[in-house]
Amino acid sequence: MAPYSSRRRANVLVYADEDALGRAAAERIERLAVETVAERGRFVVALSGGTSPRRLYEELADEPYRSSVPWARVHLFWSDERAVAPDDEASNFGVADRALVSRVPICASHVHRIEAEREDLDAACLDYERVIESVLGRAPGAVVPRFDLVLLGLGSDAHTASLFPGAPGLEERKRWVVPSRAPVPPFRRATMTVPLLCAAREVLFIVSGDSKASALARAVDGGDEDARLPARIVSEGCPGASWLVDRAAARLLRGGPGA
Ligand code: 6PG
């Protein structure tokens, strides 16, 4: 599916609306999954939280993608989680489970949620790091495991995952998963860190809606004053990062939302 407008920069694709964005993202992920499984025998993905990817998840759970994605070879992780029970409506796992995971033929043992509801959140983060390493391993000499794909959203303050502007986790360079504190409830969270996110072969930011226009413009077109925004740091730190956005979110991008 062609983007609404020609590629604005190396990494920004603008689509007419949220539905077109969801369809295009599903098409791109299916293609990447098939290619990656053919090349490496499996496809290891970290899903985004929030509501933006819901349309994408529903698209992937429907035909043709329910049949065309090699789900038996897919492993799912989460880029961040709220410190709530997995069946809580605020749970990132819960949102993806209802929209996607429970509706596709994926092996339950390949679904790796963050146990952020545990009292000792740091222990839960350390255990998640061990699961990541046990599934992904590390290439010889590599310091950080590499996901095949990481999906991320964008907050209106340009946070991504649960890395918030000015938060200590943003500067973490050794740990891969750490506790985090959000400015809005649920306050306690767990999040993948910049080194792990930026090691991914591909990072797709999925951004829709007018409420994200300012944050998107700062993350993509911002000047030095925006250089420490979490989404900017991840986007610029990962050569394989792309922004899939709808016109409403692209409203303030340099050059406008496309043709
Ligand atoms: C979370 C997400 C977070 C989210 C953005 C956008 O746990 O909330 O990981 O980074 O992607 O806040 O959220 P919406 O898609 O709901 O606008």
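This is a predicted model: local features need pLDDT of at least 70, side-chain atom pairs count only at pLDDT 80 or more; totals for chains, interfaces and linings use all residues.

Guide: Helices (H or I, at least four residues) and strands (E, at least two) are DSSP runs, numbered from the N terminus. Residues are numbered from 1 along each chain as its sequence is written, and side-chain values use heavy atoms, with hydrogens and water left out.

The peptide bond that leads from P185 into P186 is cis, and its omega is near -10°. Another cis bond runs from E63 to P64, with omega near 5°. P64 sits in the loop between α2 (54-61) and α3 (65-68). As background, most peptide bonds are trans, and most residues other than glycine have a negative phi.

The phi angles come next. A158 is not a glycine, yet its phi is positive, near 70°. The loop that holds A158 runs between β5 (149-152) and β6. A161 belongs to the loop between β5 and β6, and A161, also not a glycine, has a positive phi of about 50°. For accessibility, buried means under 20% relative accessible area, exposed over 50%, and partly exposed in between (1.4 Å probe, protein chains only). A158 counts as buried because its relative accessibility is 0%. A161 has a relative accessible area of 10%, so A161 is buried.

G41 lies in another loop, the one between α1 (18-40) and β2 (43-47). Its relative accessibility is 25%, and therefore G41 counts as partly exposed. Contact here means heavy atoms within 4.5 Å. With neighbours within four places in sequence set aside, G41 is in contact with T36 and R73. From G41 to V95 the separation is 54 residues in sequence and 27 Å in space, C-alpha to C-alpha.

Last, a strand for comparison with the loops. In a regular strand the side chains alternate between the two faces of the sheet. In β1 (residues 12-15), V12 and V14 point one way, L13 and Y15 point the other way, and all are buried. Two strands pair if DSSP finds at least two bridges between them. β1 and β9 (residues 241-246) run parallel and are joined by four bridges. L13 has L244 of β9 as its bridge partner.
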